[in-house]
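Visitor: Can you walk me through this one? Keep it quick, please.
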Amino acid sequence: MATLQFGKGIILKKSNNTINNSNNNCNNNCNNCNNNGKSTKENNSQNIIEIKNVSFYYNETEGLPAVDNVSLNIKRGEFLAVLGHNGSGKSTLAKLLNGLLVPDSGEVLVNGLSTKDESQSINIKKTVGMVFQNPDNQIIASIVEEDVAFGPENLGFTPKESRERVESALKAVNMWEFRNKAPHKLSGGQKQRVAIAGVLAMQPECIVFDESTAMLDPKGRKEVMDTLLNLNKNNNITIILITHFMEEAARAKKIAVMNNGKISAAGTPKNIFSDYKLITDTGLALPQPTELLHTLKEKGINVDVSAVNTTDCIEVLSKLLLKEKEA
Ligand SMILES: Nc1ncnc2c1ncn2[C@@H]1O[C@H](COP(=O)(O)OP(=O)(O)OP(=O)(O)O)[C@@H](O)[C@H]1O
Ligand SMILES: [Mg+2]
């Protein structure tokens, strides 16, 4: 089997097997099934990913681990944001989630399958897709639909199945009307949505986005964020979003904060952003609405600082103004 790595964070092994995916069972005696002969998609455990005491060293003989004894469960259908200052280990953790990196100690289980098990490597990479920062590094074909078809074609799907997957993926990111366009003529946000479609066409259950909005303008960032929220809500895809934008993290269901290779806190956006000490100790910022409320509190105004988005902040301020008026 020839190994093929391409700019979508996926390593595929070319084989002549055609995967019959019609009922999530595989007819071939291949690597797409676990030991019980069941597709991972039939694993009903609540956790899609379990990170158990995982450490990873880029250089085992010197220096500190980039990821240091991390344990975390990621629930099916979760929308998890990962925050942390530069070099805190976020990208390393991301790559450990689909076997692009393998733990030096501990274990990462994807649908119960260890990333250390080479025989499950393709299966795991199909289950957990990755989207990186620069869309230009992830798009390889000169026509949008050809680019999106690259993954399914290399997974051995028939041309008809590939076409269906391409159509459904491009529609899911609202890029179907651009299917015949050249990617280099698209905006940054549109290109990143094509990159997401390329991963979606492989029908992953979970997608890890490593700063995938970092190179985009505010409009492109919003397009991509809205796409992620839709995929999570409408397609039940588990989303792991690594970001430096606090407003994006505030839209997640859960946040994990990384510091020096460890997870220093995990909780809802409200829990995390109301912990001012945690935010300052880990060198993070607050979402703008939360920052405004903290500033009012510092000025002696008795205000609830737990709002993490504009709508909730407006509600807090309206209540405050109403109280002032009545007093
Ligand atoms: N390929 C590599 N070789 C050696 N050390 C590395 C490599 N990649 C990352 N590191 C080191 O591992 C640690 C964690 O890096 P990582 O890229 O995971 O952090 P990060 O939180 O993603 O940072 P950023 O916010 O800048 O993207 C850092 O000390 C970094 O210098
Ligand atoms: Mg990084």
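Guide: One term to begin with: a salt bridge is a side-chain nitrogen of Lys or Arg within 4 Å of a carboxyl oxygen of Asp or Glu. The model is predicted, so local features need pLDDT of at least 70, side-chain atom pairs count only at pLDDT 80 or more, and totals for chains, interfaces and linings use all residues. Residues are numbered from 1 along each chain as its sequence is written, chains are lettered from A and ligands numbered from 1 in the order in which they are written, and side-chain values use heavy atoms, without hydrogens and water.

Visitor: How many salt bridges does the structure hold?
Guide: There are 13. In one of them, K262 meets D68 at 3.1 Å, N to O. K262 is in strand 12 (residues 262-267) and D68 in strand 4 (residues 67-75), 194 residues apart. Strands here are DSSP runs of E, at least two residues; helices are runs of H or I, at least four; both are numbered from the N terminus.

Visitor: What does K270 pair with?
Guide: D312, in a salt bridge of 3.7 Å, N to O. K270 lies in helix 8 (residues 269-273) and D312 in helix 11, so the pair ties together parts 42 residues apart in sequence.

Visitor: Switching to the ligand. Which residues surround ligand 1?
Guide: Y58, A66, H85, N86, G87, S88, G89, K90, S91, T92, E211 and H244. Each has a heavy atom within 4 Å of the molecule.

Visitor: Which polar side-chain atoms lie by its oxygens?
Guide: One belongs to N86, 3.0 Å from an oxygen of ligand 1. The side chain of S91 has an N or O atom 2.9 Å from a ligand oxygen. For H244 the distance is 3.1 Å. The protein buries 55% of the 630 Å² that ligand 1 exposes taken alone. Those areas come from the Shrake-Rupley method with a 1.4 Å probe; for residues, only the protein chains shown count as cover.

Visitor: And the strands: how many bridges join strand 3 to strand 6?
Guide: Five, between strand 3 (residues 47-56) and strand 6 (residues 105-110), which run antiparallel. Strands pair if DSSP finds at least two bridges between them. E50 has L109 as its bridge partner in strand 6. L109 in turn partners S114 in strand 7.

Visitor: What's in the turn of that hairpin?
Guide: Two residues separate strand 6 and strand 7, and N111 there has a positive phi of about 50°.

How values were computed
Polar contact = N/O pair within 3.5 Å; in protein donor to acceptor, adjacent residues only side chain to side chain.
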